[in-house]
Structure formats: structure tokens, C-alpha cells
Amino acid sequence: PMDFVVAILYEIFRKEIEESIKIMQEAHHTGVALVAVLPLEEAEFRLERAHAIARTAKFPLTFSIEPE
């Protein structure tokens, strides 16, 4: 659900609600959206947390790390 994605962006990636909604909508409409540019170790940590929460909630939410 869209509200779950917004909550993950807010809680894990520390985006404001308005920005979280914008990112979620972009991903919904285009299939992909840039969430953040972070150091690799921090990106991996946040990605793992987001995936763990999504798996626990049984949602197929997926993030990936791409080189800059």
C-alpha cells in the first residue's frame, strides 16, 4: 500500500512526509524513483532495514543500490 511506502521513506530514509509522497508517486507512475544518495555502508543498512520491515509485513517492496 502507498501509505506503507510513505512510512518506510519517512522512518527509514528520513524523508519529510511531502517528499515521501512525491517519491512514492514517482515510483508508482514510472516504476522507479531516486530515494537518496548515501555512502554505500549507510545505503546497505537502510536498504536491509526497509526490506526486513516489508518482508515482515508481507509486502513486496523493493529497494536497490545503484552506483552514482
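1. Leaving aside neighbours within four places in sequence, Lys15 is in contact with Leu9, Tyr10, Ser20, Ile23, Val35 and Ala36, where contact means heavy atoms within 4.5 Å. Lys15 lies in the loop between H1 and H2, and Lys15 is buried, with a relative accessible area of 14%; buried means under 20% relative accessible area, exposed over 50% and partly exposed in between, with a 1.4 Å probe and protein chains only. A polar atom of the Lys15 side chain lies 3.0 Å from the backbone oxygen of Val35.

2. On the basis of these notes: this is a predicted model, in which local features need pLDDT of at least 70 and side-chain atom pairs count only at pLDDT 80 or more, while totals for chains, interfaces and linings use all residues. Residues are numbered from 1 along each chain as its sequence is written, and side-chain values use heavy atoms, with hydrogens and water left out.

3. Helix H1 covers residues 2-11, and its buried residues are Phe4, Val5, Val6, Ile8 and Leu9; helices (H or I, at least four residues) are DSSP runs, numbered from the N terminus. What covers these buried residues includes helix H2 (17-30) and helix H3 (40-56).

4. How do H1 and H2 pack, and at what angle? Their angle is about 130 degrees and their axes are 9 Å apart, the axes being lines fitted to C-alpha atoms over the stretch in contact, with angles running from 0 to 180 degrees between N-to-C directions. H1 and H2 are therefore oblique to each other, since angles under 35 degrees count as roughly parallel, over 145 as roughly antiparallel, 65 to 115 as roughly perpendicular and the rest as oblique. The contact is made by Met2, Val5, Val6, Leu9 and Tyr10 of H1, and by Ile17, Ser20, Ile21, Ile23, Met24 and His28 of H2. These residues divide into 9 nonpolar, 2 polar and no charged, where Ala, Val, Leu, Ile, Met, Phe, Trp, Tyr, Cys and Pro count as nonpolar, Asp, Glu, Lys and Arg as charged, and the others, Gly among them, as polar.

5. Pro1 lies in the segment before H1 and is exposed, with a relative accessible area of 53%. Pro1 and Phe59 are 58 residues apart in sequence, and 8.1 Å apart in space, C-alpha to C-alpha.

6. Glu26 lies in helix H2 and, at 39% relative accessibility, counts as partly exposed. Leaving aside neighbours within four places in sequence, Glu26 is in contact with Gly31, Val32 and Ala33.

Definitions and conventions:
Helices (H or I, at least four residues) and strands (E, at least two) are DSSP runs, numbered from the N terminus. A polar contact is a pair of N or O atoms within 3.5 Å; within protein, one must be able to donate a hydrogen and the other to accept it, and residues adjacent in sequence count only if both atoms are side-chain atoms.
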